[in-house]
Every structure is written in C-alpha cells, then in structure tokens.
Amino acid sequence: MTSTYLKTFILVSLLVMLNACEEDDIISSDCDSLITLDAEKYQNGASSQFSIVSVSIAGDCLEIEYSSSGCDGESWEEEMIDSEEILESFPIQRKLRMLLKNEEACAAIFTKTVSFDLTPVQTENYSSVILNLDGYDEPLLYQYRKDSVLETQIQAKWDLMNVNGGLLGVDTDFPAGSITWEFDESKVKVVNNNPNDEMVYDGFDSGSYDYSIKETNGEKTLLVSAQDLGSAYIINDELVIDQRAADGFQIRFKEHTKN
C-alpha cells in the first residue's frame, strides 16, 4: 500500500510539474491574438469583405480599426496572416493579410478595433522590419529590441556610407572612413575629411557635439546639438537615421572596422 501510494504521489507531482512548465511556455501578450505564419493561407485564405479605417503599432501590438456590414459585430472573427516571405531591402520587409469571418446577415455598418501580437514576425539578426499590410497603402515600420540595440550599441565608431532623400532626391555614397561619427555616452565626435565638397550633404562639420535619444509613441529619434535628425535604429552592424517622412535625409552608417 505504501509503495502504491508513493508511486501515485510521484506520478501526480510529475504531472503538476509538467503542466507548470507548459504554462510557462505560453507567450504572454497584451494583444488580442498572435499573428500566424502561413504562406498557403496568406495566398488562398477566404475572407469576408471589410475596409481598413486606420492602422498603428503600439509596442509589439499591431492595432487595426476596420469596418464591415453586420448586425452588431460581436460574432466577427479576425486572423492576421504573415506570408512567410522575407523581402530583402533596408530594412527587410514582410507581407501581412487580415482575414475576417463574418456570417452576420444584417446590412448595417459597424467599426471594430483589434490587435495582433507582432512577436512572430521578429526576424533573427534584425532589429526592425517594414510591414506591408494588404488593403493598406502605407508601409509600417516595426522596431523591436530598441532599448538594448540603440542606447547601448550606438556607442561605437561609425563610417558614413550613404545619404539619400531630401527635396532634391540626392543619393550619395561615401568611401569607408572618409567621414566618421564616434559616439560615447553623451557626445558624438564627427571627423569630416571632405570639408570642401559643399555640394553634398554629409551631416556635420568636424567637431564634438552633444547628442541624446528621445522616444515618442514608441519611436526613437536622435538629436545632435539639439537638432532632431529623425528616427534612429540599428540593423546588424548598420546605423540608420531617417528623416525622410519630413522631406529630410536618410543617413546610413556601417560600424567602423579597425585595419
């Protein structure tokens, strides 16, 4: 009897421990549901008609406001599908498609907001991705691991690679090492070896400048000498500063390699 009781106790304990481990593996999310990676469903999944009203990214959640016809919208079921295709660009791009199951037979129009956890589209060795949502014209920049990547890894020496954008649509490459920016905790040292070429925008003259990083609505921007240079992020060993949304420039750097 004692042996049987002991075996039962051990078995029950193991089952409790196994269940606890499984619960620990469940992803905790503030979003309504996770994005699904499914190439076949992205291409061929059936969906009821709907119209996207607005889209935004808050943290790791993709929030979508949409409208469709129905009785009250309570029975609607949404699913966000990733195509499993990674488009090589800078940053990389992925494609998303929302599917709606709507079996309500009423003709009234209702609006609903849902959110999807973007964690499944985070791609190894990258810190951001451009999301192209079917039915929505604007690309969406999703940045993740921003804190550790930007504040810590920006403290290095960077070679200016390319400047593009602006009202004139410039696109200029620079030889490695010709212009460098070196960041410490509070200052950036600029060494500009092309001071006489005034026809090309290349950032700042040689010197030491105060800099800071600020965050607004989840987006981080770089300020140098109190001048807002735009959104800043790091992908692999490249630093990107992007102000093209305000008709400014995108400035790209590669981490300096010692000879």
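Visitor: Over which residues does pLDDT stay under 50, and how many contacts beyond four places in sequence does the model have for them?

Guide: Since this is a predicted model, the reading starts from pLDDT, the predictor's confidence in each residue on a scale from 0 to 100. Here the value stays under 50 over residues 20–27, and for this stretch the model has one contact beyond four places in sequence. For the chain taken together, the mean pLDDT is 84, with 82% of the residues reaching 70 or more.

Visitor: Where is Asp247 placed, and is it buried or exposed?

Guide: Asp247, which is not a glycine either, has a positive phi of about 60°, but its place is in the loop between strand S17 (238–242) and strand S18 (249–255). Asp247 counts as exposed because its relative accessible area is 53%, and the cut-off for that word is over 50%.

Visitor: In what order do the five strands of the open sheet lie, and what is the pairing?

Guide: The five strands run in the order S2-S5-S6-S8-S9, with mixed pairing. Strand S2 (36–37) and strand S9 (140–143) stand at the edges and have a single partner strand each, so one side of each is left without a neighbour in the sheet. S2 pairs with S5 in the parallel sense over two bridges, and within this pair Thr36 stands opposite Ile81 of S5.

Visitor: Which strands stand at the edges of the sheet formed by four strands?

Guide: That sheet is also open and of mixed pairing, with its strands in the order S1-S7-S4-S3. Its edges are strand S1 (33–34) and strand S3 (51–58), each of which has a single partner strand, so that one side of each lacks a neighbour in the sheet. S3 and strand S4 (residues 61–70) run antiparallel and are joined by seven bridges, and here Ser56 stands opposite Glu63 in S4.

Definitions and conventions: Residues numbered from 1 in each chain as written. Predicted model: local features only at pLDDT ≥ 70, side-chain atom pairs only at ≥ 80, totals over all residues. Heavy atoms only, no water. Contact = heavy atoms within 4.5 Å. Buried < 20%, exposed > 50% of the residue type's maximum accessible area, 1.4 Å probe, protein only. Pairing = 2+ DSSP bridges.
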